[in-house]
Amino acid sequence: MAMHRRQEPITMLTAHDFPSAHVADRTGMDMILVGDSLAMVALGMEDTSEVQLDDMILHCRSVARGSKSAFLVGDLPMGSYELSPEQGLASSIRLVKEGRMHAVKLEGGAEMAPTIAKITTAGISVLAHIGLTPQRQNALGGFRVQGKSTSGAIKLLQDAQAVQQAGAFGVVLEAVPADVATLITKKLRIPTIGIGAGNGCSGQVLVQVDMLGNFPPGRFLPKFVRKYGDVWSETSRAIEAYRKDVKERSYPAPEHTYPMPREEFEEFER
Ligand code: KIV
Ligand code: NA
């Protein structure tokens, strides 16, 4: 909130386990998101609908162990908060107590306001998520930009104002025209965290494996991702080199082995 007041951009990155959290924390990310995108990037699932609250808690706890200073936000997965505000609060308490998160994130706008109010009133901070909400991908007709029409943009603004009114401390804007995201940011008191929403937001979030380039060639990458690394190539190069060395018996080399006194070995040989 202090960064937001002084208009300093807020940096956020996803993490899904101990090492990915450790590196994000030590490189100075302001916030770490344990996104339900871990369903795809860590668990090999088709989409986020399969991931369970128990899965999220296991990963959240691993991320919490790897992080010292970042503000930690855990995603409420599909099915863990839509039934009632009480269900949302019960799941949020688990993400905080068992998952060691500082806050939770949930998808939805005005219709989620009672749930956001219930959770925040209990003292758990909520980050809202509007625009392209992947948990609703089938209802949205796939992964597509939201708020492109005047009426769509008005709906987004109303949703943003509703989640702010309900007590959300911030709101993720995903796949929203940059002009719309900038105007929404200007009209809100709380920070907006953009992903595919241009640089007029109060902060940015990306999925770590996407920005690292830690995925096989040919995988679809959304337009908004900047690939800052080529971790998949580097990992492949290293594993291929290891494979070759083992096949050629050039690994392990003498320096990787434990010596034994000559006499002891000769005795053993006899
Ligand atoms: O699950 C996730 O990684 C997210 C971000 C893309 C915002 O929700
Ligand atoms: Na998510």
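P252 sits in the loop that links helix 11 (231-247) to helix 12 (262-269). Helices here are DSSP runs of H or I with at least four residues, strands are E runs of at least two, and both are numbered from the N terminus. The peptide bond leading from Y251 into P252 is cis, with omega near -5°. R249 lies in the loop between helix 11 and helix 12. Its phi is positive, about 55°, although R249 is not a glycine.

This is a predicted model: local features need pLDDT of at least 70, side-chain atom pairs count only at pLDDT 80 or more, and totals for chains, interfaces and linings use all residues. Residues are numbered from 1 along each chain as its sequence is written, while chains are lettered from A and ligands numbered from 1 in the order in which they are written.

Most residues other than glycine have a negative phi, and most peptide bonds are trans. A175 also has a positive phi, about 50°, and is not a glycine. A175 lies in the loop between strand 6 (170-174) and helix 9 (178-187).

Are these two residues buried or exposed? A residue is buried if 20 or more other C-beta atoms, placed from the backbone, lie within 10 Å of its own; 12 or fewer make it exposed, and anything in between partly exposed. A175 counts as buried because it has 23 C-beta neighbours inside 10 Å. R249 has 8 other C-beta atoms within 10 Å, so R249 is exposed. Across the protein, 41% of the 270 residues are buried.

Now the overall fold. The protein has twelve helices and eight strands. The eight strands close into a barrel in the order 1-2-3-4-5-6-7-8, with parallel pairing; a pair needs at least two DSSP bridges. Strand 3 (residues 71-75) runs parallel to strand 4, joined by three bridges. One of the residues involved is V73, whose bridge partner in strand 4 is A103.

Helix 6 (residues 113-121) buries A113, T115, I116, K118 and I119. Their cover includes helix 5 (85-97), strand 4 (103-107), strand 5 (125-131) and helix 8 (150-166). After helix 6 comes G123, with a positive phi near 95°.

Finally, the ligand. T14, L33, G35, D36, S37, D75, V172, E174, I195, V205 and V207 surround ligand 1; each such residue has its C-beta atom, placed from the backbone, within 6 Å of the molecule. The shell divides into five nonpolar, three polar and three charged residues. Ala, Val, Leu, Ile, Met, Phe, Trp, Tyr, Cys and Pro count as nonpolar, Asp, Glu, Lys and Arg as charged, and the others, Gly among them, as polar.

Definitions and conventions: Two residues are in contact if their C-beta atoms, placed from the backbone, lie within 7 Å.
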